[in-house]
Protein chains: 2
Amino acid sequence: MGFRSLEWLDHGALRLLDQRLLPAQKTYVDYTDYHTVAAAIREMVVRGAPAIGDTAAYGMALVARASQVETVEALRAELAQADTVLRASRPTAVNLFWALDRIQRVINDPANATVAEIKAAILSEAHAIALDDANVCKQIGLNGLALVPDEATIIHHCNTGSLATQDYGTALGIIRTAHEHGKHVHVLVDETRPRLQGARLTAWELREQGIPHQVIVDGASGHFMRRLGVDLCVVGADRIAANGDTANKIGTYNLAVVAHAHGVPFYVAAPLSTIDLKTPHGDEIEIEERTPREITHVEGVQITPDDVQVGNPAFDVTPAQYITAIITEKGIVYPPYEINLRRLFDLAEAPSA
Amino acid sequence: MGFRSLEWLDHGALRLLDQRLLPAQKTYVDYTDYHTVAAAIREMVVRGAPAIGDTAAYGMALVARASQVETVEALRAELAQADTVLRASRPTAVNLFWALDRIQRVINDPANATVAEIKAAILSEAHAIALDDANVCKQIGLNGLALVPDEATIIHHCNTGSLATQDYGTALGIIRTAHEHGKHVHVLVDETRPRLQGARLTAWELREQGIPHQVIVDGASGHFMRRLGVDLCVVGADRIAANGDTANKIGTYNLAVVAHAHGVPFYVAAPLSTIDLKTPHGDEIEIEERTPREITHVEGVQITPDDVQVGNPAFDVTPAQYITAIITEKGIVYPPYEINLRRLFDLAEAPSA
């Protein structure tokens, strides 16, 4: 790929590709403090649950690097402040909290006893989070391979590729892996209103990878299933509750319901870091409401009447009953999710024999 | 209302409100020949199944008025040519063909024996079509009233109001009538990609009428049904097959499937002129494929990568099983539609007792 969604620069900066400007412009912005990193997450310079986690972790590394304090206590206080601000940047994707929790464990680890040790350990953990993200996505792609027929028409919603993660992506990683393994995939790309991540970002990535695709409006998925036939849908996730209910980009739930009505398998692809066993049920997931401007304006041009009222939830929750399987780096999980998701974590956490 | 979608001017011109420029600009264009009228239908200066029918009829009136020929045969030949061009302007909405058929009957009526008589009869029939449209919509609104609770959250797709018809509209006519009868309606306006008739036109009409509303993206309907509760959906139609299958703006089918999954009643509001008993089944309805530019560009600004492939069906077909009832000017029709739609026509055509 000719781009990276995020990259740590050794002189102590985090470089982000400004995804708001794609595909028209490929502009990188360098960040050196956590306030602007939090703003970049909030304003969606960077988006995609795994990439948000990676970015937040590097945001903490920026704090550590810039800190001038001399005591561990003072450093922890600075880091705690940054942690609070970064956690508040977006409410729905759990990877943000997961990554910041990993950083917190390092900060509080008694093995890191000095300012210098904590600083080094934070950067090292941020790198590990990003590297894990890349490896995990590759494995998700391989694990999903068996679910993709040799000739497959696939509907994909939002963007879950290299821009949303490191390298392969989750749902798009499965599509890319299938393509690289010689399967003939044709992707119907939900444009994904309001922010058009499908039309702008997924179409751009698929084009770079030479994977055949067509952009469609979100409301057309049922028409294509009915008139042309669709083999499967695959999407990413921002948070998966313990019962399998899945928060993902607004429009995912409609797609899942329509797929169910047509008997089309509906898969969620996500790393374990997206599964939140502390959230028992999807109804408890906070749904971010974003600015009306995302709906009233496209590329700065107003399309609605002045001062129109808007409802703009950024995500919806797809109940587990509509999800055929959840594809993770540890394998494919089928219902009943209450049992099988927990089992996955038990397996992942068990000491290897 | 401070506008009219179409209006005949006595000096011999058809005035259309250019709906492509709404809500930013209210621009009227006067047409005096059928070629430009056909182009106006094709390019969606005017849209909405009933308004397209009215426009095509007036297009024929323009031919009649401008004709310089002296024999009935020559006039009929001119009219036949215009009829062919107008019929080819858009393929899906049946009101276009229905209105042109009404004009044809007048042309071929032996009672109209002279050039002057035929010319006068065509204009008179075009006026009758437009007047019928207005009266029929008013009656649809009244007939639908009983289906709207006193407090109702309603999802509406596309635009079916004064802009799509004469005066009241079909689905929006029901909403307007309920509002005028003191019911508290709140409308969730599907923005209706790709052409955004909901965000641009329906929001504008509802605002003019003082009816509370919020614009939402098409993919959000299921989220609102699940989290906030929706009482009913109501949409218009471009063609209703004899078995009740309904072609309407792309996105209607997804909305119907999602409504069904939530037990939300899904109503189609349409005049008898939209019901096509000659089409037995929805799968036989031709679906217009429109230019990729409707998806790749919004208000002239490109949002997708260059040269992206696009699938842009303008309509979809909702199978009858998802339609709770069809609201017409002759009453509310419930399943089984094969029997009850035909019965409606028999009643309508029976001589009044």
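Two strands are taken to pair if DSSP finds at least two bridges between them. Helices (H or I, at least four residues) and strands (E, at least two) are DSSP runs, numbered from the N terminus. The views below show a predicted model, in which local features need pLDDT of at least 70, side-chain atom pairs count only at pLDDT 80 or more, and totals for chains, interfaces and linings use all residues. Residues are numbered from 1 along each chain as its sequence is written, chains are lettered from A and ligands numbered from 1 in the order in which they are written, and side-chain values use heavy atoms, with hydrogens and water left out.

**View 1. The four-stranded open sheet of chain B.** The strands follow the order β11-β8-β9-β14 (chain B), with mixed pairing. β11 (275-276) and β14 (315-318) of chain B stand at the edges with a single partner strand each, so one side of each has no neighbour in the sheet. Strand β9 (residues 246-249) of chain B is joined to β14(B) by four bridges in the antiparallel sense. Within this pair, Thr246(B) lies opposite Thr318(B) of β14(B). Helix α9 (residues 252-261) of chain B packs on the sheet and touches β9 and β14 of chain B (contact: heavy atoms within 4.5 Å). The direction of α9 makes about 30° with that of β14(B) (axes are lines fitted to C-alpha atoms, for helices over the stretch in contact, and angles run from 0 to 180 degrees between N-to-C directions).

**View 2. The seven-stranded open sheet of chain A.** Mixed pairing also describes the order β6-β5-β4-β7-β10-β15-β16 (chain A). The edge strands β6 and β16 (331-333) of chain A pair on one side only. From one strand to the next the twist averages 25°. Strands β7 (residues 232-235) and β10 (residues 266-269) of chain A run parallel over three bridges, and Val234(A) has Tyr267(A) as its bridge partner in β10(A).

**View 3. The interface of chain A and chain B.** In this interface, 56 residues of chain A are in contact with 56 residues of chain B. Of the interface residues of chain A, 100% are also interface residues in chain B, so the copies meet through the same surface. The rule finds four salt bridges across the interface (a side-chain nitrogen of Lys or Arg within 4 Å of a carboxyl oxygen of Asp or Glu). The side chains of Asp283(B) and Arg226(A) form a salt bridge at 3.6 Å, N to O. On the side of chain A that touches chain B, α8(A) gives the most, with six residues.
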